[in-house]
Amino acid sequence: MADTSAPRCLVTSTSVWHGQLDETNPLISVMHFIQLSIFGHLAYLASTAISSPAPQFPELGAFNPEDIIRRDVAVVGGGSSGTYSAMSLIDKGRSVIVIEKQGRLGGHTATYADPATGTTTEIGVQIYHNHTIVKDYFARFDLPLMDSPGFFQSLDNFDYRTGQRVTLSTPSQEEVSAAFAAYAEQLAKYPGLNDGIYLPDPIPEDLYLPFGDFVDKYGLQAAVPTMHYYNPGVGNILDNPTLEQFRYWSLIGMVHSISAGFLTSAHHNSGELYHRAEAELSQTGSLLLNSTVARAFRHEGEAGVALLVDTPTGRKIILARKLLIAIPPKLDLVKPFDLSKTESTLFSKFINAGYYAGILSNTSFSEETSTSNAVQDAPYNLPVLPGAYNFSPTRIRGLQIFHYGTPQSKETFPLTDEEIQSHVIDTIRRIQEQNPDMYDRTEPEWVGFWSHAPYTLQVSAEDIRDGFYEQLYALQGQRNTYWTGAAWRAEDSSLLWRFSEEVVLPALIEGL
């Protein structure tokens with residue numbers, strides 16, 4: 001429930017302040033900010049000199065008491081990391097408020113339910129590692145897991161640019177196993193990567209070598225097709241720095257699960273996790289959906305943080321002791337958070353791919369096997385991007401799911417949804433036209449579309465060499481702000497839950 005005990009104005013030792021700062025007097029070189037005590041009262045303090053006008057805190061007296069919300073932790077972003085962190089904080093006896101811009105929790109997790117039969121199929125996150133933290137999280141909501149066979153290479157492969165069939169050069173299982181063993185041997189040199197992006201100093205050249213060169217150096221060629229198949233949405237994996245491949249294909253994650261097996265939702269509905277988290281958070285007034293932060297006021301020490309939030313029912317003020325940001329730290333997305341110069345400099349270095357998924361009907365594609373995008377004469381038959389990666393049958397007869405990716409870009413959203421949907425339809429038509437013996441000429445129809453952009457935030461080889469990730473991790477705790485999400489670990493829910501639980505939350509809680 002909303003806290004109604006917060007005062008309607010800011011009380012100082014000498015005066016009553018209604019939130020107006022004098023930005024016209026050139027002699028004033030201090031900014032005023034709000035101190036949130038652990039008992040909930042507000043005080044007015046002076047801070048260090050600034051070179052630009054101080055942000056104006058809204059006049060609290062203009063807000064109804066029910067629109068002033070006080071919590072231990074404000075969590076911005078209700079995706080995999082944000083939702084997990086909020087539930088873990090609640091289980092540890094802390095109060096939270098989750099702010100999510102969409103009308104649901106779950107982020108990259110998306111489940112489609114057939115309105116006629118109720119049959120579900122996963123559009124986003126599909127598999128998990130066999131980790132205790134995964135099993136405990138599902139058990140918390142009384143949701144069952146089962147073993148998953150993982151993914152299989154498509155039997156039908158086409159160059160999606162032309163629609164023409166492609167014959168793959170496929171390594172043997174013995175060659176694949178040997179390549180992964182050699183890969184694991186190299187990865188074992190960097191145990192810090194099991195817990196996050198903790199790198200040796202100085203940083204070895206292998207970590208920022210283009211992954212294609214790293215593959216050739218250590219004879220890992222037979223592992224590349226499997227790595228690509230399991231980890232789309234990263235742009236061209238051969239050009240990416242090796243570290244960016246290590247982040248996802250870690251020893252405790254994919255390398256372990258590719259041999260030991262994966263877990264998946266027994267109900268084929270990972271969305272249930274987020275439905276139940278949403279219900280629990282809503283019961284205590286701890287969730288703001290369809291809401292965005294308009295302005296943040298972040299301070300050091302017991303001053304805490306204050307957020308001005310736009311919600312469907314009007315503006316609210318959140319007063320919290322700590323802030324946990326779980327959205328991609330691209331400058332255009334975190335602009336409202338009054339970034340420091342260091343934060344702005346670091347976040348400006350991020351590049352990302354665009355990654356998208358959707359469901360179509362009336363494609364005439366097979367109900368028994370998937371098709372994949374491949375290029376006959378390209379290294380490892382890897383596809384040219386932007387383009388769809390594959391089309392696959394779902395658990396709902398007549399529906400096909402597709403995945404689509406773009407190269408890395410500075411743009412947070414490299415393509416529009418309309419451009420991608422047009423590309424996908426054109427691809428289906430080319431495949432139909434070039435393979436009339438396999439597919440009928442039909443008119444595909446959209447059933448659903450999901451954008452996962454920006455996806456796989458990463459940086460250049462030069463930035464890795466120059467200590468980017470050490471500088472990034474040093475932001476944790478500054479101005480009462482902590483960070484989690486894929487940019488800080490990998491696009492992998494299992495690893496993100498572990499990173500949040502074992503790295504981020506202990507430090508956050510220690511500071512409460």
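1. Basis. In this predicted model local features need pLDDT of at least 70 and side-chain atom pairs count only at pLDDT 80 or more, while totals for chains, interfaces and linings use all residues. Residues are numbered from 1 along each chain as its sequence is written, and side-chain values use heavy atoms, with hydrogens and water left out.

2. Overall make-up. The chain has 15 helices and 25 strands; these are DSSP runs numbered from the N terminus, helices being H or I of at least four residues and strands E of at least two. Of its 512 residues, 54% are buried, where buried means under 20% relative accessible area, exposed over 50% and partly exposed in between, with a 1.4 Å probe and protein chains only. Contact means heavy atoms within 4.5 Å. Among contacts between residues at least 6 apart in sequence, 73% join residues at least 24 apart.

3. Helix H1. This helix covers residues 80–91 and spans 17 Å from its first C-alpha to its last, close to the expected 16 Å (1.5 Å times one less than its number of residues). Ten of its twelve residues are buried, so H1 is largely enclosed by the rest of the structure. Ser80, Tyr84 and Leu89 are among the buried ones. Their cover includes strand S5 (68–76), helix H2 (132–140), helix H9 (271–283) and helix H15 (493–510). After H1 comes Gly93, with a positive phi near 85°.

4. The seven-stranded sheet. Seven strands form an open sheet of mixed pairing, in the order S12-S11-S20-S21-S22-S19-S23; two strands pair if DSSP finds at least two bridges between them. Strands S12 (164–165) and S23 (445–451) are at the edges with a single partner strand each, so one side of each has no neighbour in the sheet. Helix H12 (residues 417–434) packs on this sheet, and its direction makes about 130° with that of S23 (axes are lines fitted to C-alpha atoms, for helices over the stretch in contact, and angles run from 0 to 180 degrees between N-to-C directions).

5. Strand S21. S20 (residues 371–373) and S21 (residues 387–393) are antiparallel and share two bridges. Thr371 faces Phe391 of S21. Ser392 also lies in S21 and counts as buried at 17% relative accessibility. Leaving aside neighbours within four places in sequence, Ser392 contacts Ser370, Leu399, Gln400 and Ile401.

6. Nonpolar cores. A core is a set of buried Ala, Val, Leu, Ile, Met, Phe, Trp, Tyr and Cys residues joined through side-chain atoms within 4.5 Å. The largest holds 97 residues, of which Leu307, Phe337, Phe347 and Trp497 touch the most other members. Not counting residues up to four places away in sequence, Trp497 touches residues including Ser80, Tyr84, Tyr137 and Leu273. A second, separate core of 17 residues includes Leu360 and Val424.

7. Aromatic pairs. The whole structure has 36 aromatic pairs: rings of Phe, Tyr and Trp (its six-membered ring) pair if their centres lie within 6.5 Å, with planes under 30 degrees apart counted as stacked, over 60 as edge-to-face and the rest as tilted. Phe180 and Trp249 form a tilted pair, with ring centres 5.3 Å apart and planes at 35°. Phe180 is in helix H3 (residues 173–187) and Trp249 is in the loop between H7 and H8, 69 residues apart. Phe180 is buried at 8% relative accessibility, and Trp249 is buried at 0%. Ring pairs also link a cluster that includes Phe158, Phe391 and Trp446.
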